[in-house]
Amino acid sequence: MSIFNYKQRNNIILVSIVVLGCFLLYALSDLFSSILGAIVLFTIFRPFYLYMVERRKFNSTLATIIIILISLIVIVIPFLSLSIMVIGKIGSLNRESINIDKWTEKIDAFTATNLNQPHFAENTLQKLGAYAADLFPSLLGSAASIILTLLVMYFLLYFMFVQMREFEVGLLKYAPFREQHALKFATELRNSTYSNVLGQGIIAITQGILLAMGFYAFGIPDAIFWGVIGAFLSFLPVVGAPTLCIPASVILFAGGHNIKGILLLAWGLLFIGNVDNVLRMIINKRIGNTHPIISVVGVFIGLPLFGILGLVFGPVLLSYFLLLLEIYETNRMAADRLERIRTGPEMQ
C-alpha cells in the first residue's frame, strides 16, 4: 500500500511536471525561435487556411503546403536575401572610399577641443561596428543553424495546421484560465501579432522605399542599401528611418549642396516621419494598438535573444506577456468576487 494519500500523490506529480517542464524548456531554448516563429506564422495565416479548407474545400495538407510556400516566398527568402545584402555591403565598405578617416579626424579634433573627448568618433565607430556584428551575424557561418531553425519551424507549422482542430482543442483544455478568457486571449494575441508583425512590417517597407527614393533623388550613393537599413531601423520607434537623413544631409552640406541638404532633411524628418505616424494610426485603428513603449522595450529584449529577428519577436513576446498579466488579473478579480458571494451569507 502506498505511503502517500491521493492529494499527496497529485502534488508530487504536479511538482514532477513542473521540474520536467523547466528542464524541457531549457533543453529546447535553442529552438525557441522556431517555436515562436511557428506561432507567429500560424496566427497570421490561420484565416487564409480556413478560407482554403472551408470555403474552397482544399485538402488540409495541400492548404498547409501552399501556406508554407507563400511564407517562404513572401517572408523568409526576402528577409534572408536582404540580410545577406546588408552583411555583404557592410563587409565591402572601404574606409578610404567614403573618407571615414577624414571625418573622424575632424570630429575628434572638435570634441577634443570643446568636450575633452579626443577619441569620441573613433570609439563610437568601434561600438557601432561591434553592435552591427551582433545585429547581423554572419549568415554563411551560421547556415546550418538557420536551416535547422527553419526546418523545425515549418515542421511545427505543418502539424499545427494539418491537426488544427486538435491543436486548438488541446490549447483550450490545458489553458490555465476559463474558456471565455482563453478566447479573449486568442483574439488579443491575434491583434498583437498583426500589429507587431504585419503592421510594423508595412511601416518598415514604406519608410525604406521612401528613404531610398529620397537618397536617389538627391544623389546619395547606394540608395537601395540605405533604404534596406532604413527599413530595419523603422522597427525602432525612437530611431527610425528618418534619422538616416540627418548624416546624409550633413554630407551634402559639407559638399556645398546646401539646398539639397535642406530638402533631404525636410523629406526625412517631415514627410517620412509623418507617414510613419499616419500609417501607425491606421494600423492601430484597424488591427490593434501597440504602445510605443512595448515596441522600444521589446526590441531591447529581443535583440540579445534573437539577433535581427528580435526586432519582431521582442515586441511580440512582450505583448504576449502583458496579455497573460491581463488575463491573470481578470481571473483573480473573478475569483475574489466568487469568494465574497460564497462567504457573504455565512458571515451574516
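Predicted model: local features only at pLDDT ≥ 70, side-chain atom pairs only at ≥ 80, totals over all residues.
**Overall fold**

- Along the sequence, the protein chain follows the pattern α-α-α-α-α-α-α-α-α-α-α-α-α.
- Of the contacts in the protein chain with a separation of 6 or more, 69% are accounted for by residues 24 or more positions apart.

**Nonpolar cores**

- The largest nonpolar core comprises 30 residues, and those with the most contacts inside it are Val40, Tyr49, Tyr154, Leu157 and Phe161.
- Two or more residues are given to this core by each of H2, helix H3 (60–92), H6, helix H8 (179–217) and helix H13 (310–347).
- H2 provides the largest share of this core, with ten residues.
- Another core lies apart from it and has 19 residues, including Ile203, Leu210, Phe218 and Cys245.

- Leu157 belongs to helix H6, which spans residues 143–162.
- With a relative accessible area of 0%, Leu157 is buried, because the limit for that class is under 20%.
- Beyond the residues up to four places away in sequence, Leu157 touches Ala38, Leu41, Phe42, Thr64 and Ile68.
- Leu157 and Thr64 are 93 residues apart along the chain, yet their C-alpha atoms are separated by 8.3 Å.
- Tyr154 touches Leu41, Ile68, Ser71, Leu72 and Val76, again leaving out residues up to four places away in sequence.

**Packing of H2 against H7**

- Two packed helices are described by the angle between their axes and the distance between the axes.
- The axes of H2 and helix H7 (residues 164–174) come within 13 Å and cross at roughly 135 degrees.
- H2 is therefore oblique to H7.
- On the H2 side, the contact is made by Phe42, Arg46, Tyr49, Leu50 and Glu54.
- On the H7 side, Met164, Arg165, Phe167 and Glu168 take part.
- Classified by residue type, this contact of H2 with H7 has five nonpolar, no polar and four charged residues.

- Arg46 is placed in helix H2.
- Its contacts, leaving aside neighbours within four places in sequence, are with Phe161, Met164, Arg165 and Glu168.
- The C-alpha atoms of Arg46 and Met164 are separated by 9.3 Å, although the two residues are 118 residues apart along the chain.
- Thr43 also lies in helix H2, which covers residues 32–55.
- Thr43 has 9% relative accessibility and so counts as buried.
- The side chain of Thr43 reaches the backbone oxygen of Ile39 at 2.8 Å.
- Leaving out residues up to four places away in sequence, Thr43 touches Leu189, Arg190, Thr193 and Tyr194.

**Gln207 in H8**

- Gln207 is located in helix H8.
- Its relative accessible area is 2%, so Gln207 is buried.
- A polar atom of the Gln207 side chain lies 3.4 Å from the backbone oxygen of Ile272.
- Gln207 touches Ser234, Ala241, Pro242, Ile272 and Asp276, not counting residues up to four places away in sequence.

**Helix H9**

- Helix H9 (residues 223–233) is mostly covered, with eight of its eleven residues buried.
- The buried residues of H9 are Ala223, Phe225, Gly227, Val228, Ile229, Gly230, Ala231 and Phe232.

**Lys57 in the loop between H2 and H3**

- Lys57 is situated in the loop between H2 and H3.
- Most residues other than glycine have a negative phi.
- Lys57 has a positive phi of about 60 degrees although it is not a glycine.
- The relative accessible area of Lys57 is 66%, so this residue is exposed.

Methods:
Residues numbered from 1 in each chain as written. Heavy atoms only, no water. Helix = DSSP H or I, 4+ residues; strand = E, 2+ residues; numbered from the N terminus. Buried < 20%, exposed > 50% of the residue type's maximum accessible area, 1.4 Å probe, protein only. Contact = heavy atoms within 4.5 Å. Polar contact = N/O pair within 3.5 Å; in protein donor to acceptor, adjacent residues only side chain to side chain. Core = buried A, V, L, I, M, F, W, Y, C linked by side-chain atoms within 4.5 Å. Axes fitted to C-alpha atoms, helices over the stretch in contact; angles between N-to-C directions. Parallel < 35°, antiparallel > 145°, perpendicular 65-115°, else oblique. Nonpolar A, V, L, I, M, F, W, Y, C, P; charged D, E, K, R; others polar.
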